[in-house]
Amino acid sequence: MPSYSGTIESKLPRVGTTIFTVMSRLATEHDAINLSQGFPDFECAPELRALATKYFNAGLNQYPPMAGVPVLREAVADKVVALYGRAYDVEHEVTIVPGATYGIYTAIAAMVHPGDEVILFEPAYDSYAPGVEVNGGKPVYVQLTYPDYAIPWQAVQQAITPRTRMIILNTPNNPTASVFSAEDLRMLEGLLAGTDIIVVADEVYEHIVFDGHRHESVARFPGLAERSFLISSFGKTYHVTGWKMGYVCAPRELMAEFRKVHQFNVFVTNGPLQYALAEHMKDRDAYLGLAAFYQKKRDFFLAQLEGSRWKPLTSRGTFFQNLCYDAISDERDTDLAVRLTREHGIASIPVSVFYREPPRHKVLRFCFAKSEATLARGAGILRRI
Ligand SMILES: Cc1ncc(COP(=O)(O)O)c(C=O)c1O
């Protein structure tokens, strides 16, 4: 095997293997129920698989257009205007990308210059800070309050400096399962008025909001839409996380810069899958019914946990349920997550890994995008702990 003997000055010295890989590997090693990583253990709609097959067999296997195939861009723009009342121009303001993570990274790469500050809310989805740092930016962290994981607006105001280039907002939020309100978005709109600060809005769980509430997209707020990259994921919406397909909507001026980076990075996104998704999107029920689908799973999981020593925190959206274990153990969440996998056969994600300087909250994150049989088995184990 070749080996490199020169010096490497890592651009990401603090980054190791992600916790998702670590926990999923541990879960496999110990044959544990894997409620750690955020992906479904059930199949996507058979119609969507059939459409994928249809388009793979339709002679569409060469490079599609750089911005994405027009029918899918149109389907996305139609959905966004129908749900959030904001019209994006299909030609210049919508781009199909290989997954939301890529969209977020590309928006950062296109906008953040060395020394620029980017405000992140902690706990933060793990791709944000490395994306900022590799582009020479400086993450500035604002911690959500605990245990309700709300935005402390005064702290946000204090974190804004003349160097602030961007704020990354994730609602519905992973890993906290909180959903930010219209009031929150109005606060942000007010704070950013008159500045050049860009918003990256990670809305991959846009269709998974519970208890009759609605998703507050940046697209609904004129003062945010004019400065935002709105990013979503077909993977989360259609139970196809392995396809790595997503989209980005942004005003023309921002999208032009985005496409400059996109064009020389991945250049295009899988063509046949774009056609399949475009056709599948005609069925609006698939995404409009998603909240009820996952709410049922959340409620099932919580009902199964009744009488246990785990204390559920509020899950308002996403497919995660956080459980507080302060009545069970004094261990650090990282230690407990590993021990539960090894000794009890259930894998979760310790929420502290989403912080740079973790507070000692005693919270594990469980993914309920699983069949009822898996959830019942997982909850059965948790009840006995
Ligand atoms: C908040 C958040 N953003 C982005 C992603 C990634 O989406 P994609 O698989 O489309 O890159 C995830 C997946 O877990 C997520 O939870």
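# Ligand, pocket and buried residues

Q: How far is an oxygen atom of the ligand from an N or O atom in the side chain of Lys244?
A: A polar contact is a pair of N or O atoms within 3.5 Å; within protein, one must be able to donate a hydrogen and the other to accept it, and residues adjacent in sequence count only if both atoms are side-chain atoms. For an N or O atom in the side chain of Lys244, the distance to a ligand oxygen is 2.6 Å.

Q: What pLDDT do side-chain atom pairs need in order to count?
A: Residues are numbered from 1 along each chain as its sequence is written, and side-chain values use heavy atoms, with hydrogens and water left out. This is a predicted model in which totals for chains, interfaces and linings use all residues, local features need pLDDT of at least 70, and side-chain atom pairs count only at pLDDT 80 or more.

Q: Which helix gives the most to the lining of the largest pocket?
A: On a 1 Å grid over the protein atoms alone, a pocket is an open set of points with protein on both sides within 12 Å along at least five of seven lines, a cavity is a set where a 1.4 Å probe fits but cannot get out, and lining residues have an atom within 4 Å of a point. Helices (H or I, at least four residues) and strands (E, at least two) are DSSP runs numbered from the N terminus. Helices H1 (19–29), H4 (100–111), H5 (128–134) and H9 (234–237) each supply at least two lining residues. With five residues, the largest share belongs to H5.

Q: How many charged residues are in the lining of the largest pocket?
A: The lining has 46 residues, and Thr18, Phe20, Tyr125, Asp126 and Ser127 lie nearest the centre. Ala, Val, Leu, Ile, Met, Phe, Trp, Tyr, Cys and Pro count as nonpolar, Asp, Glu, Lys and Arg as charged, and the others, Gly among them, as polar. By these classes the lining has 22 nonpolar and 15 polar residues, while the charged ones number nine.

Q: What volume does the largest cavity have?
A: The structure holds two cavities of 30 Å³ or more. Grid points are joined across faces, edges and corners, and a volume is the space filled by probe spheres set on the points. The largest cavity is lined by residues including Lys79, His207, Tyr247 and Tyr287. Its volume is about 40 Å³.

Q: Is Glu206 buried or exposed, and which side chain does it join by a polar contact of 2.8 Å?
A: Glu206 lies in the loop between strand S6 (198–202) and helix H8 (222–225). It is buried because its relative accessible area is 4%, where buried means under 20%, exposed over 50% and partly exposed in between (1.4 Å probe, protein chains only). Beyond four places in sequence, its contacts (heavy atoms within 4.5 Å) are Lys79, Tyr84, Pro172, His215, Ser232 and Tyr247. The 2.8 Å polar contact is with the side chain of Tyr247.

Q: Which residue caps the N-terminal end of H11?
A: Helix H11 (residues 271–280) is mostly covered, with eight of its 10 residues buried. Those buried residues pack against helix H2 (46–56), helix H3 (70–84), strand S2 (94–97), H9 and helix H12 (285–288). At the N-terminal end, the backbone nitrogen of Leu273 lies 3.1 Å from a side-chain oxygen of the capping residue, Asn270.

Q: How far apart in space are Val240 and Glu183, C-alpha to C-alpha?
A: Val240, in the loop between H9 and strand S8 (246–249), is buried because its relative accessible area is 6%. Beyond four places in sequence, Val240 touches Cys44, Leu48, Phe234 and Gly235. Val240 and Glu183 are 57 residues apart in sequence, and their C-alpha separation is 32 Å.
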